[in-house]
Amino acid sequence: VQLVESGGGLVQPGGSLRLSCTASGFTSSFFAMAWYRQAPGKQRELVATSTSGATTNYVDSVKGRFTISRDNAKNTVYLQMNSLKSEDSAVYYCNTNPYLFTWGQGTQVTISS
């Protein structure tokens, strides 16, 4: 099983990014999937979830700004992040919810002017 995140980068406050997570070794459509993030010195935080039926849920701090989606044909989960704030800066990871598999390398998101 492998989870590969991509799409992070450095953007200014108010900007947007779209993260991708491609899974291999299992069929992601059978699982609830989620995006997590970990900022320096903080615990990993659950940010957004998508059930196998595509019902979504978000932590309050990102509601209305982030959107999780999935392309089952590509075994890929996305996180569209808009109106980014400095407090969104973190390494972003995807996994099942609850997490079952070894974490990928994550993708760094840095929000700074």
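## Close-up views of the predicted model

**View 1. A buried serine, Ser28, in the predicted model.** At a relative accessibility of 1%, Ser28 counts as buried, because buried means under 20% relative accessible area. The residue is found in the loop between β3 and β4, and, when residues up to four places away in sequence are not counted, Ser28 touches Ala23, Met33, Arg70, Asn75 and Thr76. As in the other views, the model shown here is predicted.

**View 2. The largest nonpolar core.** This core has 26 residues, and those with the most contacts inside it are Leu3, Trp35, Phe66, Leu79, Met81 and Tyr92. Two or more residues are given to the core by each of the elements β3 (17–24), β4 (33–38), β5 (45–50), β7 (66–71), β8 (76–81), β9 (90–96) and β10 (107–111). Of these elements, β3 gives the most, with four residues.

**View 3. The open sheet of six strands.** The strands of this open sheet follow the order β2-β10-β9-β4-β5-β6, and their pairing is mixed. β2 (9–11) and β6 (56–58) stand at the edges, where each has a single partner strand, so one side of each is left without a neighbour in the sheet. With direction ignored, neighbouring strands of this sheet are turned against each other by 25° on average.

**View 4. The pairing of β5 with β6.** Strands of a sheet pair through backbone hydrogen bonds, in either a parallel or an antiparallel manner. Here β5 and β6 run antiparallel and are joined by three bridges, and Ser50 stands opposite Thr56 in β6.

Conventions:
Residues are numbered from 1 along each chain as its sequence is written. This is a predicted model: local features need pLDDT of at least 70, side-chain atom pairs count only at pLDDT 80 or more; totals for chains, interfaces and linings use all residues. Side-chain values use heavy atoms; hydrogens and water are left out. A nonpolar core is a set of buried Ala, Val, Leu, Ile, Met, Phe, Trp, Tyr and Cys residues joined through side-chain atoms within 4.5 Å. Buried means under 20% relative accessible area, exposed over 50%, partly exposed in between (1.4 Å probe, protein chains only). Contact means heavy atoms within 4.5 Å. Two strands pair if DSSP finds at least two bridges between them. Axes are lines fitted to C-alpha atoms, for helices over the stretch in contact, and angles run from 0 to 180 degrees between N-to-C directions.
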